[in-house]
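Here is a quick tour for someone meeting this structure for the first time. Keep the view open as you read.

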Amino acid sequence: SFSEAEVQSARGAWEKMYVDAEDNGTAVLVRMFTEHPDTKSYFTHFKGMDSAEEMKQSDHVRGHGKRVFTAINDMVQHLDNTEAFLGILNPLGQKHATQLKIDPKNFRIICDIILQLMEEKFGGDCKASFEKVTNEICTHLTNIYK
Ligand code: HEM
């Protein structure tokens, strides 16, 4: 669980990313698809996935980037309430495990890209403030597979 100070600094860090949720969510996905091309195999129904330039413009990628960031934002609003935090994360994890059949190693990959982008845009303190959140998300998502 998170201390009050951890909650405050994680929220402050995340707010910087979430101001541009669609652009930053899209940037995260484009980097995941470009640096880990096997992740594209889950999104074969998305159009415009042939190059990074195309992906950045794709309504599918942009919409999904926004959706992923909205889900994280909902979790960030409940860091001080484990039950509510897991109430958002568990159903999402169930869907990724059973319906979408995502290899859980990809959760660490996308979380590391989020942290990397935070560091590039807002610096090391911003990244450090959010690491515990991504760790919680990855741990719980991966535990659902066990
Ligand atoms: C769908 C969030 C990681 C693949 C979704 C949805 C959300 C979401 C909110 C929409 C769910 C719905 O419509 O009910 C997240 C979060 C992640 C994460 C918060 C980690 C921080 C991943 C990873 C992959 C992935 C690593 C694959 C490499 C998918 C796919 C869909 C999906 C294929 C369905 C997309 C569609 O057909 O529109 N995710 N996701 N997700 N996610 Fe994730």
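A word on terms before the tour: axes are lines fitted to C-alpha atoms, for helices over the stretch in contact, and angles run from 0 to 180 degrees between N-to-C directions. Helices (H or I, at least four residues) and strands (E, at least two) are DSSP runs, numbered from the N terminus.

## What you are looking at

This is a predicted model, in which local features need pLDDT of at least 70 and side-chain atom pairs count only at pLDDT 80 or more, while totals for chains, interfaces and linings use all residues. Residues are numbered from 1 along each chain as its sequence is written, and side-chain values use heavy atoms, with hydrogens and water left out.

Start with α2, which covers residues 21-35. Its 15 residues reach 21 Å from the first C-alpha to the last, close to the expected 21 Å (the expected span is 1.5 Å times one less than the number of residues). Buried residues here (under 20% relative accessible area; exposed is over 50% and partly exposed in between, with a 1.4 Å probe and protein chains only) include Asn24, Val28, Arg31 and Phe33. The cover over the buried part of α2 includes α1, α3 (52-57), α4 (59-76) and α6.

Now look at α2 against α4: their axes are 7 Å apart and the packing angle is about 110 degrees. That makes the two helices, α2 and α4, roughly perpendicular (65 to 115 degrees; under 35 is roughly parallel, over 145 roughly antiparallel, and the rest oblique). By class, the contact of α2 with α4 has 7 nonpolar, 5 polar and 4 charged residues (Ala, Val, Leu, Ile, Met, Phe, Trp, Tyr, Cys and Pro count as nonpolar, Asp, Glu, Lys and Arg as charged, and the others, Gly among them, as polar).

Arg31 sits in α2. Leaving aside neighbours within four places in sequence, Arg31 touches His36, Ile113, Gln116, Leu117 and Glu120.

Met49 belongs to the loop between α2 and α3, and it is buried, at 7% relative accessible area. Beyond neighbours within four places in sequence, its contacts are Phe33, Lys40, Phe43, Glu54, Met55 and Val61.

## Helix α1 across α6

Next come α1 (residues 4-18) and α6 (residues 105-122), whose axes come within 11 Å and cross at roughly 85 degrees. These two, α1 and α6, are therefore roughly perpendicular to each other. Ala13, Trp14, Lys16 and Met17 in α1 meet Ile114, Leu117, Met118 and Phe122 in α6. That contact of α1 with α6 has 7 nonpolar, no polar and 1 charged residues.

## Helix α5, the iron and what follows

Which residue is the only protein donor of the iron atom of the ligand? His96 is, through NE2 at 2.1 Å (donors are N, O and S atoms within 2.8 Å of the metal, or 3.2 Å for Na, K and Ca; water is not among the atoms, so sites may look incomplete). His96 is found in helix α5, residues 82-99. Phe85, Leu89, Gly93 and Ala97 are buried in α5, with cover that includes α4 and α7 (124-143).

Lys101 is in the loop between α5 and α6. Most residues other than glycine have a negative phi. Lys101 is not a glycine, yet has a positive phi of about 55 degrees. With 57% relative accessibility, Lys101 counts as exposed.

Note on methods. Contact = heavy atoms within 4.5 Å.
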